[in-house]
Amino acid sequence: MELIERAEQLGELAAHFEQCVKGRGGLALIKGGPSAGKTALLHGFHQSVLGTGATVLTATGARAEQGLRLGLMRQLFGRAQLPPDLAERVRAVLTDRRSERDGAQRRTEPSGPAGDGARPWDDAHAMDTLSQALLELASRAPVVMSVDDVHFGDPESLQALLYCRRRIPTARVLIVLTAWDRSRTGNASFHAEITRHPHARVRVTRLSGDGVEELVAKRVGTMSSAGTELDHHALTRGNPLLLHALIDDQLAGLTRTRTGPEDAASWPAFVQAVTTCMYRWDPALFTVARGYAVLGAEATAHQVAHLVDARVELVEESMEILTAAGLGTGQTLHPAIAAAVLGDVEPAGRTALHARAAELLHEGGAHPLVTARHLLAADRALTPGGIGVLRAGAEHALVDDDLELAVRCLTLALRECADEEERLAIGVALGRLEWQTNPSSAAVRLAALRTERPGRSIDPRRGAAIVRALLWAGDRAAANEVFDGFRHRLDELDPQTLGSLRHTDTLVYGAPGRGLPAELHRQHRTGIAAALHPDDAPEARPAKAAGLGTVRAAERLLATSPLDEGTLEALAKALLALIKGDEVLRAVGPCEALLKDSVRRGATTWQTVFHSIRADIALRLGDVPDAVRHARTALQRIETCGPAPLVGYPLGVLVLAHSAVGDHEAAADALRRVVPERMFETVFGLSYLHARGHHRLKAGRLLEALHDIETCGKLAREWGVDVPTFLPWRNELALVHLTFGNRQSAHRLLSEQLALPTGVDLRTQGLSLRLLAESEEPRNRPRLLKKSVRLLESAGDRFELFRSLDVLGRSYEEMGELDQARSVARRAKQEAPRWHATRQQHNGAGRAGRAEPEATEAPPLSEAEHRVATLAAQGYTNREIGRQLHITISTVEQHLTRVYRKLKVSRRTDLPQAAHGAAPPGDDEGDAAARAS
């Protein structure tokens, strides 16, 4: 081992050796705690004197050899070079057959520990022979007689050492012994006698922080890749044995992914060093250490004594020793040591210890959560009282926002519980908690509970939890079946539970009556969770009718209601109400706060909901990269364990975000995801249909787009959720008609949407007016486009604002109003940096996970295709193009289909630059400022 911070101790030993060489014999006693480095220091001293011609006699004490008569002396003189006659006498003493008889007698006599109460060895002749041998060697050359761990020496050897000690003052002999502090091996009389004469006491302590760093640098290297993230000093407290073992594990690559104290149980060399340190000192240390490791930070000496069946005094002394060795802190074990100690205990032994600990703590009135942790470690409830402890522990875990621990407590309680009624209560409580992290699993568990009591009424609160999970799972039939079991007892539900059930119903299925019977929504409404009644939510009430009152109610709910199991849906709908009420910016802060709270509490289902809404908010504000990021995160959560039907919401946002910047390949990739069939029965399915139709339209798959969009509109009207803010399907359908050259049908659809009684938010109005302008004569377009610009600016969508400005500039150019075009171009130039930055940021993120496609030039247009494309870009219908070019409408459509495919565009408004080969897909609207500069 490397000798670090031992120069002073080596210097002391060297000075005593110099005195020995001069004929002044003496004794040096090296003392320190367990594994402090005494042996390494002794070996280092041996190496320093071997080159001087001195004779070095060595021996090592061992607990197992304490009954071996003259065991240390045999080691010391076994290889000594003595004169033949003296060597023969020494050999006779060391091989005396009385050793077996005396050793057996000592093992059977009930007297005190070896060395104090055992029958003394009084063979003066033997001792004199050994001392003469020592002096004979010293007459030839200086002698260093060293005994490591002398506290484990047999009584006869210890007496021989004392005999020699009294005869070396004028001999060239230095006796060096190592011994532990606070040794309980029963040789106190030996220590008292050996230190009665003048001697040197050399102290060995644990390494300092600088010493630890120096040793690590020598063995590992300061820039090693083997795992420099380890805090070596914190994990070992400067104990050299533990430090070398930790470095061994580190160099073996076993600590690269495990760096915390709790991971020490997986480091084999470290675990072995811990157990070696304790067993070499006293096996009782390991027993006491196990007790402290099991009971943890709140352990007391009395608790440990009861747990391991030991005396309190022994426990206290053992902890003092462990602390001195750097393994404890005076009150408990260091976490890494505790992990290592338990890692060396057989699983059955750990289980028994935790079971016993749970009983002791429960009897002593310990905190339920503390006791519950031991029950979990023992994997059993032990007694009927254990079920109550586990349930109480789950409640306390929820107060601490430890959802995982609460689920584990209830899972064990459910497995161990035999009472039918209590099992049902535990099962419902567990299902409600599991829903926050794994809705699919929770739905299965809760659905199974409804069959445990066939033909019997179910408690309304438990039934509401089951129904809520089934609604999120998209299983209307099962939800209604359970609801029928307590629908006659709805008045027993507290306001928050009733409100939560209503909000879940309308959030997932839209208008009241689609999911659960409408009678649910006719009950008396009170309580915080019902502050925003479903009838005031985005799905059912017109924005103009709801007015400022709904927005204020939503903001009040978001500001005053904490996020919990009963308020999730109400808070989600409050955010949607702000979106519908044209207060998208005011929804950002509350949504971020709710998302942060969900992450902190580990509720992945809640995270999924709020990531989906946050993605929607980002898209409405023109922040496409942020929309993509939040949508992808929501989809990852759903893929792992989220509510499956919800997938339509973030997936729809993701597709629209990719399409907004012309990344149709990414949108197509997103739509390849397999979605559950039940999704199409929920409002989330409508979001998916709308987005898919939008993508297919952009990709030129007009018939497929027409089918998706018309289906979305038909269902939205039938379900009573025809709200353009969330489902602007008429915009997409109008775009299909514009693509086919049917401007009248497009005009009718857009005018109908703008006049809907449910109202239209500013952003959707702005987009609708931009499309409506395409259906008008060129001279009427600027008026509509200017209004579109104003509305999009008020809505905060800078991305779509730039697009409307670009189209407005083109309209002025076509009309020959160049001054107006330049004015609009200057305005567009102010928005262009943000527009281009958004596209570049999206493209950079989008390319991170896939290979960059090779750049290819668009196929050239034929002369006929170019003529058709030019007229189409100027706003002529297919019929008008056919008349001017003297071709049939069918031929015009065929030419346009080929033009769209070659130029990779999907509508006429993308043609003005693309027809002249100016821009690749998605960049066609980026040069408004450049045209007028």
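In the predicted model, helix 33 meets helix 35 through a defined set of residues: His690, His694 and Leu697 on the side of helix 33, and Trp729, Glu732, Leu735, Val736 and Thr739 on the side of helix 35. By class, this contact comprises 4 nonpolar, 3 polar and 1 charged residues. Helix 33 spans residues 683-698 and helix 35 spans residues 729-739; their axes come within 10 Å and cross at roughly 20°. Because angles under 35 degrees count as roughly parallel, helix 33 is roughly parallel to helix 35. The crossing of the two helices is left-handed.

At the other end of the numbering, helix 1 covers residues 7-21 and includes Gln9. The relative accessibility of Gln9 is 9%, and this residue therefore counts as buried, the cut-off being under 20%. When neighbours within four places in sequence are set aside, Gln9 is in contact with Leu41, Val202, Arg203 and Val204.

The protein has 933 residues, of which 56% count as buried. Among contacts with a separation of 6 or more, 70% are accounted for by residues 24 or more positions apart. The accessible surface amounts to about 38900 Å², and carbon and sulfur atoms contribute 51% of that surface.

Terms used. Residues numbered from 1 in each chain as written. Predicted model: local features only at pLDDT ≥ 70, side-chain atom pairs only at ≥ 80, totals over all residues. Heavy atoms only, no water. Buried < 20%, exposed > 50% of the residue type's maximum accessible area, 1.4 Å probe, protein only. Contact = heavy atoms within 4.5 Å. Areas by Shrake-Rupley, 256 points an atom, 1.4 Å probe, with all protein chains shown as cover. Axes fitted to C-alpha atoms, helices over the stretch in contact; angles between N-to-C directions. Helix = DSSP H or I, 4+ residues; strand = E, 2+ residues; numbered from the N terminus. Parallel < 35°, antiparallel > 145°, perpendicular 65-115°, else oblique. Left-handed = near helix turned anticlockwise from the far one by under 90°. Nonpolar A, V, L, I, M, F, W, Y, C, P; charged D, E, K, R; others polar.
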